[in-house]
Amino acid sequence: MLIFNIKAMDLKSGLPFWLIKNGLTDDYLTLDTNIETEILIIGSGITGALTAHFLCDAGVKCVIVDKRMSSTGSTTASTAQLQYEIDTYLFDLIDKVGEVNAVKAYKKCLESIYTLEKIIKKLKIDGHFNWRSSLYIASNAAGFKDLEKEYEIRKKHKLPVTLLNQKQLKSKFNIDKKGALYNDCSAQIDTFKLCNEILDYHKKHSGLLVYSHTEIVKIENKKGYILAHTEKKNTIKAKKIVAAPGFESEKLLKEKVMQLNSTYVIVSKPMKEDEFWQEKCLIWETARPYIYIRTTEDNRIMVGGFDEPFQDPKRRDKLMEKKNEAIIKRFKKFFPDSKIEIDFYWCGTFGETKDGLPFIGEHKDHPNMYFALGYGGNGITFSVIAAEMIKDLYVGNPTDADLFAFDR
Ligand SMILES: Cc1cc2nc3c(=O)[nH]c(=O)nc-3n(C[C@H](O)[C@H](O)[C@H](O)COP(=O)(O)OP(=O)(O)OC[C@H]3O[C@@H](n4cnc5c(N)ncnc54)[C@H](O)[C@@H]3O)c2cc1C
């Protein structure tokens, strides 16, 4: 029996832009009776919503519960850049997990962006999905050396990549740095909007049941089924449970599978069209801590980064003003003439694993459960991968299940 006795985590502070832009969505009811379903999904963030999508699409009856208002965990705090390149260089990942698996992981991330676009088209929703090019900029000479090495290995494995030298970067993007990796297969979304659109769609078309303010506090394995107990003393009987609790997985798992960090985001006032860089591409850099940059539908600049290697909300929140200054200062290293001014800012928790890869699938200590833990800077692409893999596991058609296994 699994009993959760750790207090809720404070996942974010400040004013996440997406919540203000979209406003509160129609909330769902709290569960106040005992119910039965085929699959119970814990967590209504982007991971839970996508998992529900794949399962509903395969004709599986699902219930989602969330202890918060739906989709208001890390999903509201995200800067939502979709990139196939993860925080760990491919050449480093090869050292950690071997060439075959490292390349597979990168290719799965690339594929996941196309998968997400297909889902959006199929459900006729929007999620403000936009394809974008992306620049991974060398912050200094050492960074450029790494990028050269990375370029060779990605090219060898036919991943989309172009190496720009200092002159090319300056002439095309007017950015004066040593060089960059460029690709045109990245995207940006509004994750909060997308998440709610997916939930609404399946609520209407697939009989998906969503309950908010419904916390799972205990899980029991019984003969032939699994029973989840809510804080309000109701039960949900299911064949399987999918745990998609975001960065609060330590309540569900006994072992520590990630390092929790704090990260900071600012959003500018709307800018004039001629104040943007070429292609409004996504930008990030080789320095650690780094910043990552995107634009929004209403012509704002969103910059995140300056991560701290701790989760303590009080310490995290105290640093917000200082981090805003640091982010703007670093942004101006790329765009010295920018008139960027801050309109919104917030900070949030995010987790990262040792190799930068997610944990997806079954866990030996938790029978009848699947875990969808997409950690790292690419959490959303990992959510897409996790959702599809879990559906495949459930319907008995698993592929590459070892890639993101707990015991990899
Ligand atoms: C500032 C910031 C910037 C980011 N930028 C990017 C980016 O550019 N690109 C990218 O790909 N990723 C990014 N990420 C990561 C990405 O946002 C996350 O990986 C993703 O949103 C996680 O979604 P999730 O559904 O797994 O978690 P969440 O959105 O946190 O959802 C999990 C839900 O589970 C619920 N829950 C937990 N435990 C229980 C329980 N016991 N009972 C009931 N409900 C429970 C929670 O209330 C929560 O709502 C960023 C994250 C942050 C914080």
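Tutor: Two residues are in contact here when heavy atoms of theirs lie within 4.5 Å. The model under discussion is predicted.

Student: Which residues of α4 does α2 meet?

Tutor: Helix α2 spans residues 46–57, and its axis comes within 12 Å of that of α4. From α2, the residues taking part are Leu50, His53, Phe54 and Asp57. Their partners in α4 are Thr115, Leu116, Ile119, Lys122 and Leu123.

Student: How many residues of the contact of α2 with α4 are nonpolar?

Tutor: The α2 side contributes Leu50, His53, Phe54 and Asp57, while the α4 side includes Thr115 and Lys122. By class, two residues of this contact are polar and two are charged, and the nonpolar ones number five.

Student: Is the crossing of α2 and α4 left-handed or right-handed?

Tutor: The two axes cross at roughly 60 degrees. The crossing of α2 and α4 is left-handed.

Student: At what angle do α2 and α10 pack?

Tutor: Helix α10 covers residues 379–394, and its axis is 8 Å apart from that of α2. The crossing of α2 and α10 is right-handed. On the α2 side the contact includes Ile46, Thr47 and Leu50, and on the α10 side it includes Ile380, Ser383 and Val384. The angle between α2 and α10 is about 35 degrees.

Student: Which residues of α3 meet α4?

Tutor: On the α4 side, the contact involves Glu99, Asn101, Ala102, Val103, Ala105 and Tyr106. Eight residues of the contact are nonpolar, one is polar and one is charged. The residues of α3 that take part are Leu90, Leu93, Ile94 and Val97.

Student: Which residue has a backbone N or O atom 3.2 Å from an oxygen atom of the ligand?

Tutor: Of the 35 residues around the ligand, those that come nearest are Thr47, Asp66, Arg68, Thr75 and Thr79. Thr47 places a polar side-chain atom 2.6 Å from a ligand oxygen, and a side-chain N or O atom of Thr75 is likewise 2.6 Å from an oxygen of the ligand. The backbone atom at 3.2 Å belongs to Gly379.

Student: What phi does Asn174 take?

Tutor: At the start of α6 (residues 166–173), a side-chain oxygen of Asn165 reaches to within 3.1 Å of the backbone nitrogen of Lys167. Just after α6 comes Asn174, with a positive phi of about 55 degrees.

Definitions and conventions: Residues are numbered from 1 along each chain as its sequence is written. This is a predicted model: local features need pLDDT of at least 70, side-chain atom pairs count only at pLDDT 80 or more; totals for chains, interfaces and linings use all residues. Side-chain values use heavy atoms; hydrogens and water are left out. Helices (H or I, at least four residues) and strands (E, at least two) are DSSP runs, numbered from the N terminus. Ala, Val, Leu, Ile, Met, Phe, Trp, Tyr, Cys and Pro count as nonpolar, Asp, Glu, Lys and Arg as charged, and the others, Gly among them, as polar. A residue is near a molecule or strand if one of its heavy atoms lies within 4 Å of it. A polar contact is a pair of N or O atoms within 3.5 Å; within protein, one must be able to donate a hydrogen and the other to accept it, and residues adjacent in sequence count only if both atoms are side-chain atoms. Axes are lines fitted to C-alpha atoms, for helices over the stretch in contact, and angles run from 0 to 180 degrees between N-to-C directions. A crossing is left-handed if the near helix is turned anticlockwise from the far one by less than a right angle, and right-handed if clockwise.
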